[in-house]
Structure formats: C-alpha cells, structure tokens
Amino acid sequence: MRHIISLLMENEAGALSRVAGLFSARGYNIESLTVAPTEEATLSRMTIVTSGSDAVIEQITKQLNKLIDVVSVMDLSEGEHIERELMLVKTRAEGEAREELKRMTDIFRGRILDVSDHTYTIELTGSRTKLDSFIGAIGRELILETVRTGVSGIGRGNRILSL
Amino acid sequence: MEMTGAEITIRCLQEEGVEFVFGYPGGAVLHIYDALFQQDKVKHILVRHEQAAVHAADGYARCSDKAGVVLVTSGPGITNAVTGIATAYMDSIPMVVISGQVPTYAIGEDAFQEVDAVGITRPCVKHNFLVKDVKDIASTIKKAFYLAKSGRPGPVLVDIPKDISNQKCGFVYPDSITIRAYQPPGRGDSEQIRQAAELLMQARRPMIYAGGGVVLSGSSAELTDLVKLTGFPCTNTLMGLGGYPATDRQFVGMLGMHGTYEANMAMQHCDVLVAIGARFDDRVIGNVEHFAQVSRKIIHIDIDPSSIAKRVKVDVPIVGDLKLVLEELLAVLRRREKKAGDIADWWKQIEEWREFGGGLRYKNSSEIIKPQFVIETLYKLTGGDAYVTSDVGQHQMWAAQYYKFNHPRRWINSGGLGTMGFGLPAAMGVQLMHPDATVACVTGEGSIQMNIQELSTCLQYRLPIKVLSLNNRYLGMVRQWQQFFHGNRFSESYMDALPDFVKLAEAYGHIGMRIDQPSDVEPAMKEAFARKNDLVFMDFRTDPAENVYPMVPGGKGLSEVVLSEDL
C-alpha cells in the first residue's frame, strides 16, 4: 500500500543521504522524496512517498527513527491528511490547442506562467492523482516537458509533527 | 589557554579515560600523532594494518565494558578500517574511530589520499561526523562516545580534516551532552512486562532465547536469575554464549545453524518464547516461514525497536534496557503467588531430544587430530577460564560448541559480519585489557593469513597470546558446503602452498609448534600454556574431512536438522 511518511530532521549536511541511503540499502521503495528547511532553521521537513506491506512500513518507520539526525517521524497516511504536489508542464501550444489548453488549465485550476508563440508553461498544484489526470486530459503528444516536486504532506487538524 | 585541534582530540580521549588507542599514522593525522607523542596518558598500539587496529579495539571493547578507540589516516587508512567498522557495527560493539581527512580546502578536489570517509562508512556506523570547525572537536568527540556506548551500542566515526587539527581554540570538555533526536530507551513498559509475566506463568512449553544483547548490557546475572526462578530451559545464540552458564543443566546449548538438536527443537516446539537481546537472524531461526508454521506466543525484549517484528511477528514487544526490563520482570514474577504451570512434561521432551540428538559428538581418532578434540583439550586445560577469540569458519563453530563458556565477555567472535582475520587482532585487544589472563585465539590456516602480520604487533607489545590454528588445508566451511550442496566440487577451497607456520612464527620472534598426532595435542598445549610470557603458535594438522554437526542447511527450518554423516 502507498504511504506518505513525514519527518523532521536536523538541517545538516549528509542528513538527506542518510535517509536516501537507508532506503536503498534496505531495499525500500521511494516513489518521491521532498525536503526543505522549516521555519526553524535547524530543522528540515521531508516527505517520502513509499509503498510496502504493513510490516515493511513499520520497519521503515523504525529504521528512520533510529537515524540520529531524524528528530520525529509520522506516517501521514495513518490518519486524515492533505497531500499536495506542484507540477510545471511545458506544452506545445499552437492553433486550436491554445484555446483548449487554456480551458483545461482553468478546469484544473492551474495557471499559465509563460507564453511563447508555440508553447505554454502551466503550473498545477494538487494530489498526485489530480496531476496525473491533467496529463491524461491534455494528452502526452502535446507535452514537451514536465517537472514535478514530489508530494508534500501535512496532517489535518490537530495532527502536528513537531519536536 | 588555546590548544590545537590535535591536542584537543587527545585531551578528549584522556577525559574519556581512554587507556589504549589502536592505530596507524599517516599524512592527514600527523598533527594528532604529534599531540599523542607529547603526552603519556593515552597509550598508542601500533598495528601493522588498519583493519587490525579496528579488530583490536573491538576485542578490547568486547571483553570489557569500554568503547574501543581507533586512530587512522585518510584515504587507504580509513578504507582499510571499513571491514573492522562493519564487523563492530553488525555485532553492536561500542567504538570511536577517529580518522584524518585532507584539509577542508582540498575536500572534493580528489586530493592525495582523499576519500569521502563519512560517505563510505555511513551504512556501517551508528553515526558519523565530519568536523569542519576546530571549536566543534570537543563536543563532537563527546557525542561520539555517548552515541557509541548508549542505547544499542555501535561504532561512531569522527573525521577530522588536517587543517582543523592544526587550528587553535580554547578547550572545554562538556560534562554531558544531549542530542535532541536521540533518546536511548530506559525502562520497559510496565504493562507489557506484566503481560509477559502472565504469559510466562501460563506457559507449558516455555523457552528462553538470549543473544548478544545480554552480554552487551551486562545482564547475565538477571538472565540467570530469570532462568533459575522459572525453571525454564535457556539457549544462547553464538553472540550470547557465556550470557548464561553453559555447564548448567537448564542450558540446552547454542541454537541455530550449528546449534544443538535440543535447542533447535525446543525453539520450534515451544508455546511461549522469550527472546532477550536477540534478533531472530537467518543463522538462528533458519527459514522464517518454517519457523512461523508452529504457533507460539513470542515475547521480545530488546533495546532496538527495529529489531522487534523485523523477521517474526511478536505478541509482547518490550523495548528497553535489558537490565532494567529483566529486573522489573523478575520483581513482578517474585511478587506473584501463583506458581508457574507444570512443565515437567516439557523437560521430559527436551531430555528425549537431548538423548536422540546425542548431544555434541564426534568420533575421536588415534590416527588423526580431530578439531573438536583440540577445543575440548583447550577447555580442559584452561578450566573454562580463558578468553577465547576466534576467526570465522568451521573452527569458530567448534569453539562455540565445545568450549563451555560460563561467563560473559569470554567468547570473542565476529558473529554478524563473519569476518575472517578477526581473531588475532581481537586477541591483542583482549590481552591488553587483561594482561594476566589466558587468551587463546582459535583460528584456521585460512583466517590467520588474513591478518598474520599482527604477529609483529604482538612481539612489539609482548602479548603472550596462544594461537591454536586448526590447519586442515581447506577453507573448511566452504569445503563443507561444497561437499553438501555443490556435488563435492571443491572450487578454490583447497589451500595450496601454505607457509611453514612454525618458521613463520619464529620469523616474527615467537614460538611455533607443529602438532600432527592426537597424542601430542595435550602435551603440546600444556607446554604452550606454561610459557606465560610467550606467544605460541600451535599449528594443529587436523582431519581435512571433518564437518560441523549438527547442521540446519541454509534456507531450511530448525527441525530439518542434519545430525551427522547420515546425509
């Protein structure tokens, strides 16, 4: 099953490679991984999307907790949570497609960030499935390139990951 | 007063009460070696290869409750040390490794003797540090010792660039240190402990399975109390030997791939299993699916939550310091008025297994030296009181089987990583820790050659180790597997062109003995052990065809054991 694991870790050189190394050394899947510093400069927040049986996810959580640089770990998918991903898509935009792409972007609540004679660059935010649907809707033949940030996640309501 | 980073480094070791540093100098650690030279509190042991420095520090740690300390240079210094570090990591041995690094301004430029030490060691250390500011040296070393020794112990690396060890700053050694992301477990959960006690009381076929954690946490006395109080059978893993007295009737022997029949059968057929500081690894329980076919309640006590429910499902997990958990469990059990269930039938069954398996047995010979006979003689002559280090292979298993360890920290071997070349340097660390004790290194002609150069170190520091080499001219364990599972095709397992070990020992300034006849085993060993101040290398020419039994073949279940030649 797909899980979104969120963690706080020391904002130190090498911390990212400890996490990434753990996943590759123990053969765990990584679908996506995002990391950036938080409002507290000494901490980074990481969101990892992974998949595995309950036993594997339990081991992943325990192994992450064991890393000295990892301060706290939460499996967001165990409860109510929000996941968001940002995608930038550059498409061919010529003739009739220009109007159609504009309409599709509006429907998906995206924004066109850059326009040239032949291209649009579209920004879209949402869950992984929403971004996948957008790509499906406009059709792969129009797409010149895509950049996705990977999922960021946060718990709903009082579910807070802190020190 | 300002001190250089190098002086601070050595001062930190003094503050930690470090007696010995095992190491080898080189360019990037010259400042640190200079600081070492100008003091006499910390003694340096100069090995002949960095791998041996780490094994020696490891042996020193295993036979004491101290952290081993290693000092190596950058590049090949640290890469040579990696095998030793991984060995210590797999067996959770407390250790601090200080490595030199090229100057900070040269890092990343493929400088002479540069490697990414932190990157290379990351998967085989508990934690590691690259020090980038001289002001951080003291706190980093403090953290390194704290991490190495607390919680589940392990090796910690501190990489110090050459310019940092030459810069100056004031010195303050912190009294204590906190790491916000690191809180090693203390007491276990009382409710879980109560539940465990409840299960133990109801058990009709209970089994206590104790591993290296008991030795590391100093909980042998508590384990022994638990076994005695409950009257339950107890088995030890390879790493746990000595954690419970091997000569006691309630001890059913070592379990696992080369464990006793009764230990493995009891593991497979018990109804309540208490795992204490052990991790159900593949060499211990064999095939996981086979193990899980029998339903039994499992209580697992361990300091590392990630060891629990890793390979088997656990009913009552207890995370905590073994000593504290066992103390509390004992208190709960002692308070109870209800007696434990009657387990007489279970003991009867175990005794039947004992008889059927015939215990550990081999057919002795008057023609050719049987390796088991050498170990039995070693046990007899040392009264079970020696520190025994071993290398890896058949001789390791025979030593584990035939030397009865009644005390913890006497059996020193590489269990997890299985590192050939471990035995001799580990024995150096043990002998330095216990200068007056009898230290025997049980090895083979294959393993010993992986760190034979340390005979030179042994002479320099006058370490009177007794080396017992079971020389069967084969990589015996490899040969055994080839015989069993590869149609007798002995691919590259014959050791041709062996050196004359007697002359070799003599060339290094020691005494060498070759023993060919079974009748000479005891007299030779007596003579060797009488030489209190000498290293004696005993080259026993043993039966090349001998195999280690019992054996649970790889991938098989614990009850699918092969007892002897009737394969």
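I take two strands as paired if DSSP finds at least two bridges between them. Helices (H or I, at least four residues) and strands (E, at least two) are DSSP runs, numbered from the N terminus.

**Ground rules.** I am working on a predicted model, where local features need pLDDT of at least 70, side-chain atom pairs count only at pLDDT 80 or more, and totals for chains, interfaces and linings use all residues. Residues are numbered from 1 along each chain as its sequence is written, and chains are lettered from A and ligands numbered from 1 in the order in which they are written.

**Entry 1: the parallel sheet of chain B.** I looked up the strand order first. Chain B has an open sheet of 6 strands with parallel pairing, ordered 16-15-17-18-20-19. Its edges are strand 16 (411-412) and strand 19 (511-515), each pairing on one side only. I then took one pair inside the sheet. Strand 15 (residues 387-390) of chain B joins strand 17 (residues 439-444) of chain B through 4 bridges, in the parallel sense. There B:Y387 stands opposite B:V439 of strand 17.

Next I checked which helices cover this sheet. Contact here means C-beta atoms, placed from the backbone, within 7 Å. Angles run from 0 to 180 degrees between N-to-C directions, with axes fitted to C-alpha atoms, for helices over the stretch in contact. Helix 18 (residues 423-433) of chain B packs on the sheet and touches strands 15, 16, 17 and 18 (466-471) of chain B. Its direction makes about 175 degrees with that of strand 17 of chain B. Helix 22 (residues 518-530) of chain B also packs on the sheet, touching strand 18, strand 19 and strand 20 (536-541) of chain B. Its direction is at about 170 degrees to that of strand 19 of chain B.

**Entry 2: a helix pair in chain B.** How do helix 1 and helix 2 of chain B pack, and at what angle? Helix 1 (residues 5-15) and helix 2 (residues 30-37) of chain B meet at about 55 degrees, with axes 8 Å apart. The two are therefore oblique to each other; under 35 degrees would be roughly parallel, over 145 roughly antiparallel, 65 to 115 roughly perpendicular, and the rest is oblique. From helix 1 of chain B, the contact uses B:A6, B:E7, B:T9 and B:I10. Helix 2 of chain B supplies B:H31, B:I32, B:D34, B:A35 and B:L36.

**Entry 3: chain A.** I count 4 helices and 9 strands in chain A. From the N terminus on, they run β-α-β-β-α-β-β-α-β-β-α-β-β. The C-alpha trace of chain A spans about 55 × 35 × 35 Å along its principal axes.

One open sheet of chain A has 4 strands in the order 2-3-1-4, with antiparallel pairing. Strand 2 (32-37) and strand 4 (70-75) of chain A are at the edges with a single partner strand each, so one side of each has no neighbour in the sheet. The twist averages 15 degrees from one strand to the next. Strand 1 (residues 2-10) and strand 4 of chain A run antiparallel, joined by 5 bridges. A:S6 has A:M74 of strand 4 as its bridge partner. Helix 2 (residues 54-66) of chain A packs on this sheet, touching strand 1, strand 3 (43-51) and strand 4 of chain A.

**Entry 4: where the chains meet.** I found 17 residues of chain A in contact with 13 residues of chain B. On the chain A side, helix 1 (15-25), helix 2 and strand 4 are the elements giving two or more residues. Helix 2 of chain A has the largest share, 6 residues.

Technical notes
Two residues are in contact if their C-beta atoms, placed from the backbone, lie within 7 Å.
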